[in-house]
Amino acid sequence: MKQIEQIKEFGGWLNRYQHDSESCHCIMTFSVYLPPQAATAAVPAVYWLSGLTCTDDNVRTKAGAQRYAAELGIALVMPDTSPRGSEVADELARYDLGQGAGFYVNATQPPWSRHYRMYDYVTRELPTLLEAELPLIPGCKSITGHSMGGHGALICAIKEPGAYRSVSAFAPICHPTRCDWGQGCFSAYLGEDGDAWKAYDATELIKAGAYGLPMLIDQGTGDEFLADQLYPDDLKAACEARGIPLTLRLQEGYDHSYHFIATFIGEHLAYHAAALRSQ
């Protein structure tokens, strides 16, 4: 774990690191914001999973999250969205497959299966590394994300009972087996077996009886992807049928961008901070 950047913000430090990933078999880059409270004690962490085409840099420069994290005394962990490098499989003609589009699954199909193991990376390798190397409270973490990363946050919380204190999402891909983004990536990474796809679909997991934390989702009504990619009503219906609490807030006029995220990120971090302090 090599530190490659350090910037002081709001009394804490925005650090960037690289390490050789055992899960992804390449050098992975990620950022961590340590609030000022981390100088004297270990702090809880909120993991942010970004969306298609993003790296760790998008959220740390556009969301305004560090100000709130400093006030709340929580760390922000911001991984990349996929493995990277010349040896890593890619689809240069597409933004929604390959590098920048890991979809937070463990790929099973060549040529993707060697490197595209973002589920294991996010849920196992990265937390183990950071809790050993940084002043983070072991096991005291929550998770959130945007779009593809919102999908990732939801499936991580659903598939890993007890691993996260809370979960939220901004405009998540709620039913990826139903949309072009999900179908395109799942068929490449996981093959044509629809049951394998359902294992990484929040709506299908809930319908099949999986455990579910209470969820907070913000969705802009002006989102250009709402009608044919995101399907929050499918997840809402699945949660209602199972009695799983889901707060779906439809935010009038907001789009899919970081302008939307920046408007509500403080509320999400406060939501997670309350859950992280309550146990």
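How do the residues of the lining of the largest cavity divide into nonpolar, polar and charged? They comprise 8 nonpolar, 1 polar and no charged residues, where Ala, Val, Leu, Ile, Met, Phe, Trp, Tyr, Cys and Pro count as nonpolar, Asp, Glu, Lys and Arg as charged, and the others, Gly among them, as polar.

## Basis of the model

The model is predicted, with local features requiring pLDDT of at least 70 and side-chain atom pairs pLDDT 80 or more, while totals for chains, interfaces and linings use all residues. Residues are numbered from 1 along each chain as its sequence is written, and side-chain values use heavy atoms, without hydrogens and water.

## Cavity and pocket

There is 1 cavity of 30 Å³ or more, and the largest cavity holds about 50 Å³ of space. On a 1 Å grid over the protein atoms alone, a cavity is a set of points where a 1.4 Å probe fits but cannot get out; a pocket is an open set with protein on both sides within 12 Å along at least five of seven lines, and lining residues have an atom within 4 Å of a point. Grid points are joined across faces, edges and corners, and a volume is the space filled by probe spheres set on the points. The lining of the largest cavity includes Val-46, Trp-48, Leu-76, Met-78, Ile-265 and Leu-269. At least two lining residues come from each of β4 (43-49), β5 (75-79) and α10; helices (H or I, at least four residues) and strands (E, at least two) are DSSP runs, numbered from the N terminus.

The largest pocket has a volume of about 220 Å³. It is lined by 13 residues, of which Leu-52, Cys-54, His-146, Phe-225 and His-256 are the closest to its centre. This lining has 6 nonpolar, 6 polar and 1 charged residues.

The largest nonpolar core has 94 residues, and Phe-103, Leu-130, Ile-143, Tyr-189, Met-215 and Leu-235 have the most contacts inside it. Such a core is a set of buried Ala, Val, Leu, Ile, Met, Phe, Trp, Tyr and Cys residues joined through side-chain atoms within 4.5 Å. Its largest share, 8 residues, comes from α10.

Among the buried residues of α5 are Trp-181, Cys-185, Phe-186 and Tyr-189. Phe-103 is in contact (heavy atoms within 4.5 Å) with residues including Trp-181, Cys-185, Phe-186 and Tyr-189. The buried residues of α5 also pack against α4 (148-159), α6 (194-198) and α8 (226-230). Just after α5, Gly-191 takes a positive phi of about 90°.

## Individual residues

Ser-147 lies in the loop between β6 (136-145) and α4 and, at 3% relative accessibility, is buried. Its side chain makes a polar contact with that of His-256 (2.9 Å); a polar contact is a pair of N or O atoms within 3.5 Å, where within protein one must be able to donate a hydrogen and the other to accept it, and residues adjacent in sequence count only if both atoms are side-chain atoms.

His-19, in strand β2 (residues 12-21), is buried with a relative accessible area of 8%. The side chains of His-19 and Tyr-121 make a polar contact (2.9 Å). Glu-252, by contrast, is exposed at 66% relative accessibility and is found in the loop between β9 (246-251) and α10 (258-277).

Technical notes. Buried means under 20% relative accessible area, exposed over 50%, partly exposed in between (1.4 Å probe, protein chains only). Lists of a residue's contacts leave out its neighbours within four places in sequence.
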